[in-house]
Amino acid sequence: MILPVLIIILMAGGILAGLASKWSAAAARWISLFAVLADLSLVIVLWIESGAKLVATNSSWLLDYQFPWIKEFGISFHLALDGLSLLMLMLTFFLGVFAVLISWKEIQYKIGFFHFNLLWVLAGIAGVFLTMDLFLFYFFWEVMLIPMYFLIGIWGHENKQYAAFKFFLFTQASGLLMLLAILGLFFIHAEQSGIYSFDYFQLLGTSLSPTLARWLMLGFLAAFAVKLPVFPFHPWLPDAHSQAPTAGSLILAGLLLKTGAYGLIRFVLPLFPSASIEIAPWAMLLGVIGILYGAMQAFSQTDLKRLIAYTSVSHMGFVMLGVFAFNEVAMQGVVMQMITHGLSTGALFILAGGLYERIHTRDILQMGGFWKKMPFMGFIAMVFSMASLGLPGLGNFVAEFLTLVGSWQANPTLTIFATIGLVAATAYSLRIMQKVFLGPEALQHHDLQDLSVREKIILVPMTVVIIWLGLFPQPIINTVKTPVKQVVESTTQKPVSSIQSVDMKGGTHE
Amino acid sequence: MSKADLICLVPLWILSSAAILIFFSVSVKRNHKVIFLITVLSFIADFIWLVSYSIKPEHQQTIEPLLVFDGFGLFNIGLILLTSLIVAMMSYAYFEQREERKEEYYILLILAALGACILVISKHFVSLFLGLEILSVSLYALIAYLRTRERSDEAGIKYLILAAFSSAFLLFGMALIYAVTGSMEFTEIGNWLKASGHEMPLMMMAGFGLLIVGVGFKLGVVPFHMWTPDVYEGAPAPVTAFIATASKGGMIALLVRFFHAIHGFQFESMVGIFAALAIASMFIGNFLALRQNNVKRILAYSSIAHLGYLLVAFLAGGELGIEAVSFYLVAYFVTTLGSFGILAYLSDKERDAELLEDYRGLLWSRPLTAVAFSAMLLSLAGIPLTAGFIGKFYVVAAGVESNLWLLVLILVINSVIGLYYYIKIMAIMFDKKSEVRTAEELHPLVYLMSSFTLAILTIMLIWLGINPSGMMELIKGIL
């Protein structure tokens, strides 16, 4: 019962905040804050409780909630929680709290509608991470899309409408392809078993002919590749990220991209194991291209938010690389990457938003030497740039290291190229520090103030967590151990014939 | 005609007597309020009779050889009655602020509804033509009702000529089919076709071809769509809402009945023609909508595309196909009525709020209206949480089940193209604007009716999107 409550709290909180803003803007902000905080404390309690359970039992599912919804199509409101969803939920609510806090001063008009949208995006994301019914999954997939469109389109920067448009069209088009694939799967399953159901666990066992599996998988892949984003499907991302208000960028980079990665792990691999193996070399190649291309683009940007946006393209390449390596180590790395990238990039966007509030530009050519005036902000920025370039001791290093170790077993050549990406990451991360906080002082900005208490409340916990993840990643790895193992097993234990066919094609899969 | 037959016809009696009652009432005294009340009450009474009496299986019967009162027909009558009721409710404020004589409008509206009702229960060419002409003739007058406006006249004449033209096609087609089969009754024609095997004589083929032209005109599918944007633009907003919903929906319902009676799905050539019409409507409707800056015209082109989506469900056939058509009609009716309702609500004395510019900054001047309109647009675009999504889902599901992959894929591509112009309207509403067009305000009570109607439509839209089970069960049970 606790699972739907998590979503209901957010949706109800959103409506309440929208209504409350009629009387008081502050009320809307406080209601939103408490709604997200309530969810955060709930999942943290769940996590602490689940610690023993996860290691002891063999089943990866901690909680399960099912309620029939549209009986005519066998659609049920089915939510379930395992280690992976739990971690993603924690990330969602952790960043969600900061998204509310960071907007405290930044958003000054239509405050009620803003918080309504903010909480509904979070509700959609939480739904995506929890649902075990494919129709419901598509439903939540769209629920997180529309409020996001409003967030960018109403409260964004100068070019907001174009960015919001592009974001909407890209994600909607790919989402519809996924819907087609879901329906295809639904009817094929119904034909085989006579049971009309969109339930994930029902559909898992569907046996498909190779061609059909390939097409259906491509439908799913389209949606996730755009969201992630994988290299040729990324053009929406720099615009959306740079034009969104800070809270929007935070949620986009920290959470929305993770839904793509989550979809790959949760749906693409288990539902279409042999088709995934078939496409793996190409997927990994695209991942590597993404890593290098994103890094290169990031290095050449002058708009700070755009720069950070391109680093996401680069970092998400590692996700693609790791997921399609089909081994536990890489998959652990991917999960770590999802969390640490959410934190580090989210923090960088918060810093960029803070700078924009102070100097009203995102152009890094007009910045420089800010360390002297804002040492605290400089320090935090240093930590997260280092995280972004993968410095040992910080979370991102663990993630990328695990991913590379795993993918080496699958494809050494591509792994070597991916490693070059780390060098490029150093270049762009240092460039941020150099241009903004070091170097000659930009003269026109005299009255720069260091981080306010509110900003410290946001950034200090993030710093602590990213260091904690770098030093003690074991709790995270333990939490997702069983789900990751099952996903990897689902691809390797499938009919021997499919693996043989890969061998003949010269795959280096073990 | 037996007594049972007469009782069966009560839904039609109520409508025709309401028209006559208003007729007399006008001759005594012109009073907008009273006449409005009679109209609304007669629609409500009719609907109550329908759901409390006619719907019971023992009361469903056929009136040989013209009419058939079955679940499908009654469902569509109910839909048409509710639609007309809503159109009437949003007409009050709209006509209250206009100079013209308002009273005859309601007579015409009731007659148009009557025509559409006959259309959806006819099983014979004669009753089909009768219903169609009652509907069309009322529409000629309704479209040109605001005759001081130039465009209203133009639209009326355009519709008159084209509709008369298409009726001629329809008649000729019927004549040819009658000449071959010797019958004008749908099932008889079906039997004849079955007996003759799969070969269709040329004359029969020509007859069906002419029928398709006539039907195509009424539906406004490409390539018979030319009248749609002009008529939508020229007609008063509530009338446009009626044309977009009851008139087109009635025709679709008739098409479904006819096609099933003659087992049309076995003729590949006919299925092919409808598939071509669907594809052309989807693409051309959506593409032409992209460059418009008149909201009525955008909605007109979008309705062409939506008829294309409906044809996909129609072509899917089978039980799921009919269910999909019915559900999509409900969703589309709610959405279209809502959009035109908002358009009528925002219109002022001189002209309808039809330019995109009229909507700039609506979120700031009238937040609730803007949110409701966004919900309508999102529903037209088929985004979850709205009725439009479930409708589109139903259509796609029906298409996938019947393996119409090409059509479904084209539908998906078109949904994305369609998004572009729906979002464009939304983006303009969210744009900040310093100056807001202020309409001359009437007494607030006048707007209460419109606001109430719009609120109900918005709630229905979201309710159908969140909990469609009830409606699905209703449709399943009735068919």
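I worked on a predicted model, where local features need pLDDT of at least 70 and side-chain atom pairs count only at pLDDT 80 or more, while totals for chains, interfaces and linings use all residues. Residues are numbered from 1 along each chain as its sequence is written, and chains are lettered from A and ligands numbered from 1 in the order in which they are written.

**Confidence**

I looked up pLDDT, the predictor's confidence in each residue, from 0 to 100. Chain A averages 87, and 94% of its residues score at least 70. I took helices as DSSP runs of H or I with at least four residues, numbered from the N terminus. In chain A, helix α4 (residues 111–130) has the highest mean, 93, and helix α20 (residues 496–504) the lowest, 38. Residues 494–510 of chain A stay under 50 in pLDDT. For that stretch I noted 18 contacts beyond four places in sequence. A contact here is a pair of residues whose C-beta atoms, placed from the backbone, lie within 7 Å.

**Where chain B touches chain A**

I listed 22 residues from chain A and 21 residues from chain B in the contact. On the side of chain B, α17 (387–401), α18 (405–430) and α20 (469–478) each supply at least two residues. The most come from α18(B), which gives nine. By class, I found 17 nonpolar, two polar and two charged residues on the side of chain B that touches chain A. For the classes, Ala, Val, Leu, Ile, Met, Phe, Trp, Tyr, Cys and Pro count as nonpolar, Asp, Glu, Lys and Arg as charged, and the others, Gly among them, as polar.

**α7(A) against α17(B)**

I then checked one helix pair across the two chains. The axes of helix α7 (residues 160–193) of chain A and α17(B) come within 10 Å and cross at roughly 50°. Axes are lines fitted to C-alpha atoms, for helices over the stretch in contact, and angles run from 0 to 180 degrees between N-to-C directions. The two helices are therefore oblique to each other. Angles under 35 degrees count as roughly parallel, over 145 as roughly antiparallel, 65 to 115 as roughly perpendicular and the rest as oblique. The crossing is right-handed, meaning that the near helix is turned clockwise from the far one by less than a right angle, with anticlockwise for left-handed. From α7(A), I noted A:Leu179, A:Leu180, A:Leu183, A:Gly184 and A:Phe187. They meet B:Val396, B:Ala397, B:Val400 and B:Glu401 in α17(B). The contact of α7(A) with α17(B) has seven nonpolar residues, one polar and one charged.

**α7(A) against α9(A)**

Next I followed α7(A) within its own chain. Its axis comes within 7 Å of that of helix α9 (residues 210–227) of chain A, and the two cross at roughly 155°. That makes α7(A) roughly antiparallel to α9(A). I recorded a left-handed crossing for α7(A) and α9(A). The residues of α7(A) in this contact include A:Phe170, A:Gly175, A:Leu180 and A:Gly184. Those of α9(A) include A:Gly219, A:Phe220 and A:Ala223. I counted 11 nonpolar, five polar and one charged in the contact of α7(A) with α9(A).

**A:Gly175**

I stopped at A:Gly175, in helix α7 of chain A. Is it buried or exposed? A:Gly175 counts as buried, with 21 C-beta neighbours inside 10 Å. The cut-offs are 20 or more other C-beta atoms within 10 Å for buried, 12 or fewer for exposed, and in between for partly exposed, with C-beta atoms placed from the backbone. Leaving aside neighbours within four places in sequence, A:Gly175 is in contact with A:Tyr138, A:Trp141, A:Glu142 and A:Ala223. I also noted A:Phe220, 45 residues away from A:Gly175 in sequence and 8.1 Å away, C-alpha to C-alpha.

**Backbone checks**

I found a cis peptide bond between A:Leu228 and A:Pro229, with omega about -10°. A:Pro229 lies in the loop between α9 and α10 (236–243) of chain A. In chain B, the bond from B:Val222 to B:Pro223 is cis, with omega near 5°. B:Pro223 sits in the loop between α9 (202–219) and α10 (227–234) of chain B.

A:Phe326 has phi near 55°, and B:His263 has phi near 50°. A:Phe326 counts as buried, with 25 C-beta neighbours inside 10 Å. B:His263 is partly exposed, with 13 other C-beta atoms within 10 Å.

Notes
Two residues are in contact if their C-beta atoms, placed from the backbone, lie within 7 Å.
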